[in-house]
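Please read the following alongside the sequence and the coordinates.

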Amino acid sequence: MGEILEVAKKILEEHCLCDNCLGRQFASLGYGLSNAERGKTIKSFLAFEAHNQALNENKDGISLLENLAVNGMFKLAEDILKRLGYKPKTSQKKCELCEGKLQKLESFVGEMLKKVEGYEFNSFLVGAKIPEKIIEAEDSLRANYKVKWGETIKSEFTREIGKIISRVTKKHVDYKKPDIVFTINPFTEEIGFQVNPLFIGGRYKKLVAGIPQARWVCGRCGGVGCEHCGWTGKKYPESVQEIIEKPILELTLGEKTEFHASGREDIDAKVLGNGRPFIIEVKNPKKRNIDLKLIEEEINRSGKVEVLNLYFADKQAVRKIKSMETAKKVYRVIVEVEDGGITDEDLKKIEEKFTDVTVKQQTPTRVLHRRADKTRIKHVYRVKTKKLSQKSFELEVECQGGLYVKELVDGDQGRTKPNISEVIQKGLRCVELTVLEVQA
Ligand SMILES: [Zn+2]
Ligand SMILES: [Zn+2]
């Protein structure tokens, strides 16, 4: 008898194993077979061997057939014994490793799919929780019989369940970003699932001033609703996030959203040009295969926010978009001169001074109540000016993201240095701020 059959025979002398659990001890041998097929093949060969011994009056054959019938729960061995005139005891045993659970996978899958009814998914992953005592029992069996070809019972469960779900649903297993993760403890038969978020990316333009980027919770009541916020729980009635999420939540039947963008503009600033990159994360979506064109049209109908280039994104893209926060930005600012008028000489001076200059900026006084007080070092690449009237001019500022542009203009009582007001020795005020470009 060869090594494999010898090991299998010895195992079955003392242990009760189903086809899967015996086959799993030899999982790295042969390709394209399931462990159940391996186990059955090995048991069949052992049965042939034993049958031949029994026909040659070798008593070992009978005891091997008995082991196969009882410990191996192997019908063929039972039948051979009957033919040979023995009255074998029928096995009342249960596989000591999987406790028969590997023969219940179809019914597990039925339960799993029932749980996720109503959730659309294109990909999935299965995770299994195996009790420690089962893992230890298999480890010690392998040590005792010097088994070196095995795989873990956990991978057999997850793989085989995955195969069945794929067959039934026509969806594929995805290890990196599955839409749904099933979890199962086959031994307690506890089944759970987790629906991963849906990510939709694109660029947004904010056509009107006065709305914040993200939902802004009322500072007085913390979102519960109070007299101050008109019982809305919000400081501002709407936001870019809420305008974008509305049709998305309607179509995906999601629970809520999180809004990610590369940087943010002030409430009173517009975003024009090619827009600002964003990704909206939909929690617990029921539908995923939604028409992005339809969503785009719906959002753009708001007249306040416009989105373009919508696409299905992922978690990794969120990280990327956030790291772009300091990417180059172009702003257009309308500036009013508080005392005296603006001269061509002033404008020339501004353009000269603010070409390739490093700005030291302390957190602006106007945001100090919600941002830590620290000094930022930001770069201004260039500034273009255009006179609009005696007392106003337009600035186009190309700078590193994260620079507070209003403070670059008015100086914030010297907290931003250098600043434009100081350079021309005139009081200045931003009356309009627009984001023209966010580089991606
Ligand atoms: Zn088993
Ligand atoms: Zn409130």
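How many residues does helix α7 have, and how far does helix α7 reach from its first C-alpha to its last? Helix α7, residues 132-144, has 13 residues and reaches 18 Å between those two atoms. That is close to the 18 Å expected at 1.5 Å a residue, the expected span being 1.5 Å times one less than the number of residues. Just after α7, K146 takes a positive phi of about 55°.

This is a predicted model, in which local features need pLDDT of at least 70 and side-chain atom pairs count only at pLDDT 80 or more, while totals for chains, interfaces and linings use all residues. Residues are numbered from 1 along each chain as its sequence is written, and chains are lettered from A and ligands numbered from 1 in the order in which they are written.

The secondary structure of the protein chain comes to 14 helices and 14 strands; helices (H or I, at least four residues) and strands (E, at least two) are DSSP runs, numbered from the N terminus. Along the principal axes, the C-alpha atoms fill a box of roughly 120 × 40 × 35 Å.

Two packed helices are described by the angle between their axes and the distance between the axes. Axes are lines fitted to C-alpha atoms, for helices over the stretch in contact, and angles run from 0 to 180 degrees between N-to-C directions.

Helix α5 (residues 75-83) packs with helix α4 (residues 59-70) at an angle of about 135°, with the axes 7 Å apart. The angle makes α4 oblique to α5; angles under 35 degrees count as roughly parallel, over 145 as roughly antiparallel, 65 to 115 as roughly perpendicular and the rest as oblique. The crossing of α4 and α5 is left-handed, meaning that the near helix is turned anticlockwise from the far one by less than a right angle, with clockwise being right-handed. In this pair, L65, E66, L68 and A69 of α4 meet A77, E78, I80 and L81 of α5, a contact being C-beta atoms, placed from the backbone, within 7 Å. By class, the contact has 6 nonpolar, no polar and 2 charged residues. Ala, Val, Leu, Ile, Met, Phe, Trp, Tyr, Cys and Pro count as nonpolar, Asp, Glu, Lys and Arg as charged, and the others, Gly among them, as polar.

Helix α3 (residues 35-55) also packs with α5, at about 15° and with the axes 9 Å apart. That makes α3 roughly parallel to α5, and their crossing is right-handed. S44, A47 and H51 in α3 meet L76, A77 and I80 in α5; these residues divide into 4 nonpolar, 2 polar and no charged.

Further along, α9 (residues 240-252) and α10 (residues 292-300) pack at about 140°, with their axes 9 Å apart. This makes α9 oblique to α10, in a right-handed crossing.

Most residues other than glycine have a negative phi, and most peptide bonds are trans. E57, in the loop between α3 and α4, has a positive phi of about 60° although it is not a glycine. A cis peptide bond joins K417 and P418, with omega about -10°. P418 is in the loop between β13 (416-417) and α14 (420-424).

Conventions. Contact = placed C-beta atoms within 7 Å.
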